[in-house]
Amino acid sequence: MSEVKLPIEEDIAVELELEASLAIAALDAAEDDQPKPVVPEEISILPLRDSVVYPMLIAPLSVSRENGIQLIDESVSTSNRVIGVVAQRDPSLNEPGFDGVYEYGCAVIIRTLVKMNDTVRLIVQGVQRFRIVERLSEEPYLRARIELIDEPATEGHSEEELEALKRSVSALFDQAIRLSPGLPDELRSLTQAVTEPNVMADLVAAHMSLSVANKQEILETADLEERLKKLLAMLSKEVRVLELASKVQTEVNHELSKSQRDYYLREQLKAIQKELGEYDDRAEELDELWEKIQTARLPEEADKEVRRDYDRMKRMNPGSPEYSVARTYVDTVLALPWHQSTVDNLDLRHSQSVLDGDHFGLEKVKDRIIEFLAVRKVKTDGRLRQPILCLVGPPGVGKTSLGRSVADALGRKYARISLGGMRDEAEIRGHRRTYIGAMPGQVVQALRRIESNNPVLVLDEIDKIGSDHRGDPSSALLEVLDPEQNSTFRDHYVDVPFDLSNVMFIATANRLDTIPAALRDRMEIIELGGYTEAEKIEIAIRHLIPKQTEEHGLKPSRLQWSREAVIALVQHYTREAGVRNLEREIGSVTRKATRMFAEGRGAKVVVSPGFIEKSLGAPRYLHDLVSEREMVPGVAIGLAWTPVGGDVLFIETSKMPGSKGMMVTGQLGDVMKESVSAALTYIRSRASQFNLDNEQFEKNEIHVHVPAGAVPKDGPSAGVTMLTALVSLLTGRKVKDRLAMTGEFTLSGNVLPVGGIKEKVLAALRAGVTTLILPEANRKDYFEEVPADVQKQLKTYFVRTGDEVLKLALEK
């Protein structure tokens, strides 16, 4: 037989056709009585993945494993071109041993060999079945002693039965070729060309898409009649599967054809109805829309716009883009709550209990809401102006959540719009309808979603609105938040007036200086200070602990907090104006307890200060800030306001020989630098009063530094602190322990009022201050805003001049 080189072909059908032609060539060669190769008793074994080789048949193989390539090289180099091939039990094994291959295999002779970069491609021809009787070695490749299995003779079997089995196998094989698109038609002639039943059985098994286990079963079956019966059963099952797959495919194609036919007929029916003047789906759709317009009771201008667009839609093709734009506009206007509103709950006690149940403290806001309800209850006729509130305070004090509580107290619906980072004016006013993808602004969209024209609408983070080339959203809010204008608010998309005067707007902010003055003037500012230590403890016990216990799936009876544990958590693990970090720490402790229950604990967990330390680690704030700093001449403690609450400032001064004057560091703003200059000028103008020599200023340089240099600082409220620190440095008199101060200082020696008194006082208390010096003009703010329990813990002095400050602050 002449050698045939295997073409590198990916197409399965072509490869099968090639195998078929090779098999025919092999059979022709067998008929020519070509000498049968000698199979040695000890043979090298090549494991095969997902394939089985049968005697007399030619098969292409690809070898890429190193031990397999070595086996091929050594076999060819010794002119022993006969090797054994055995199928692997698990094709995922890279280097199978004898336990990983079947016991039966086929001896093959290598007909053609083509070496590539990292692969050897072979064409082998099956010679004879064998069984492994002794395992000789597994390294570098498998070698075994084998027992050859001769092909059974047809004598001893009923010729009629063998012929019947052979014809049945041939008929099923032809049927499988017809049903399987992957098998070439040329394979049908193979079963007719082969006369030996054993060769035909192997030939059919090799070309059918059977599993490796089934093919191996055919290889291992020596008895001819039993082999044909097993093959017949496998073929029958395969043909049934192929028939079912063909039936499913036919049904799918039929459904697709039916859908296409139905679509075509529907289009024809529409055309016929149109010619006859009968109603079609579009007419029915327009009728439904017209009925909605009739029953909507729209304001006159809105009704006029909707009817105009409806008339346009009747004359337009439904497939045109303008039709969908007009339909979307009409649906949007009809969906707006022109007349839908909720009835306010005017029970003052109920509203007060709802507000108190949701939030602890925040009396200013609660009083304002109750006052609005009282007016609403008394004034029964005429329009009542809705309050437009702006809640200003540090993060975590409950500004946003208060909006939902107000809605619950009033019995109104609730909506929230986040304004943080908003830069496009169209977010408020909407896009004009000339743009593709135009939509209403956030205000109109919120009202459409909640289907009410008198909700509580929270405008969150109003101090963080930006602006760019697309417009200024804060300017668009001027109309929304003006009670004199918002009754005729005109969204660019809707383009008809909508009444916003029934909406209660509640804005939230961390600071006021970033809100434009015109916008700030339209809102009623309510400042929310930080919480005191006692308030945090009550909030934790009443709200945060029950909330976290429920969120972690625990019952209150299984997790019990002691008051001492809550106090320890507030004092030693958090230092903030709000309660967000406090809630996170409570959540951390609750998770530790939840894990204990998940690991099998049955008894309840009592949270004590020891359990807190075990769960969260060592306390973060063992000492107060003031006791951690050593007070020396030239150091004074000031108070500052920040958007996240109050804070304490340590003003440090030092002097050294030199003539460069004064140096200021700590990333201070211009106003703060001017406070230092004013204080130094005041001291020099009164040098004799402080027993200071003028040469001391000329021969020394003074350095003023405010620590935390990475944080920008500005404002006039540190003026008296700068004065005190400089006088302390120059006179050598220390500032009294645990004393802090705030106030603007003028060149003439007066102390002027400052803002943020409550936040500054609470920050001083948290830092361990016991004595405060405040401007006399802030006396009313102190007694109105600072809780009474905090006032009892502090000794506070109110001053008018810098001399009074120095007299109180410096040691004798």
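The structure is a predicted model. Its largest nonpolar core has 60 residues, and another core, lying apart from that one, has 52 residues. Gln216 and Thr119 both count as buried, whereas Val252 counts as partly exposed.

**Gln216**

- Gln216 sits in helix 6, which covers residues 212-220.
- With a relative accessibility of 2%, Gln216 counts as buried, because buried means under 20%.
- A polar atom of the Gln216 side chain is 2.9 Å from the backbone oxygen of Tyr104.
- When neighbours within four places in sequence are set aside, Gln216 is in contact with Val52, Ala87, Tyr102 and Tyr104.

**Thr119**

- Thr119 is found in the loop that runs between strand 4 (104-115) and strand 5 (120-137).
- Its relative accessibility is 16%, so Thr119 counts as buried under the 20% cut-off.
- The side chains of Thr119 and Asp118 are joined by a polar contact of 3.2 Å.
- Leaving out neighbours within four places in sequence, Thr119 is in contact with Ser62, Val63, Ser64 and Val114.
- From C-alpha to C-alpha, Thr119 and Thr549 are 65 Å apart in space, and they are 430 residues apart in sequence.

**Surface patch**

- Leu244, Val248 and Val252 make a nonpolar surface patch of about 260 Å².
- Val252, one of these residues, belongs to helix 7 (residues 224-276).
- Val252 has 40% relative accessibility and so counts as partly exposed, a class that falls between buried (under 20%) and exposed (over 50%).

**Nonpolar cores**

- In soluble globular proteins, nonpolar side chains tend to be buried together.
- Within the largest nonpolar core, of 60 residues, the members that touch the most others are Ile683, Met722, Leu723, Val761, Leu772 and Tyr782.
- The element that gives the most to this core is helix 25 (residues 719-731), with 8 residues.
- Apart from this core lies another of 52 residues, including Leu336, Ile450, Ile462 and Phe498.
- Ile683, from the largest core, is in contact with Phe690, Leu692, Phe697, Leu723, Leu726, Val727 and Leu730, leaving aside neighbours within four places in sequence.

Key: Residues numbered from 1 in each chain as written. Predicted model: local features only at pLDDT ≥ 70, side-chain atom pairs only at ≥ 80, totals over all residues. Heavy atoms only, no water. Helix = DSSP H or I, 4+ residues; strand = E, 2+ residues; numbered from the N terminus. Buried < 20%, exposed > 50% of the residue type's maximum accessible area, 1.4 Å probe, protein only. Polar contact = N/O pair within 3.5 Å; in protein donor to acceptor, adjacent residues only side chain to side chain. Contact = heavy atoms within 4.5 Å. Patch = residues over 30% accessible without salt bridge, like charges linked within 9 Å, V, L, I, M, F, W, Y side chains within 5 Å. Areas by Shrake-Rupley, 256 points an atom, 1.4 Å probe, with all protein chains shown as cover. Salt bridge = Lys/Arg side-chain N within 4 Å of Asp/Glu carboxyl O. Core = buried A, V, L, I, M, F, W, Y, C linked by side-chain atoms within 4.5 Å.
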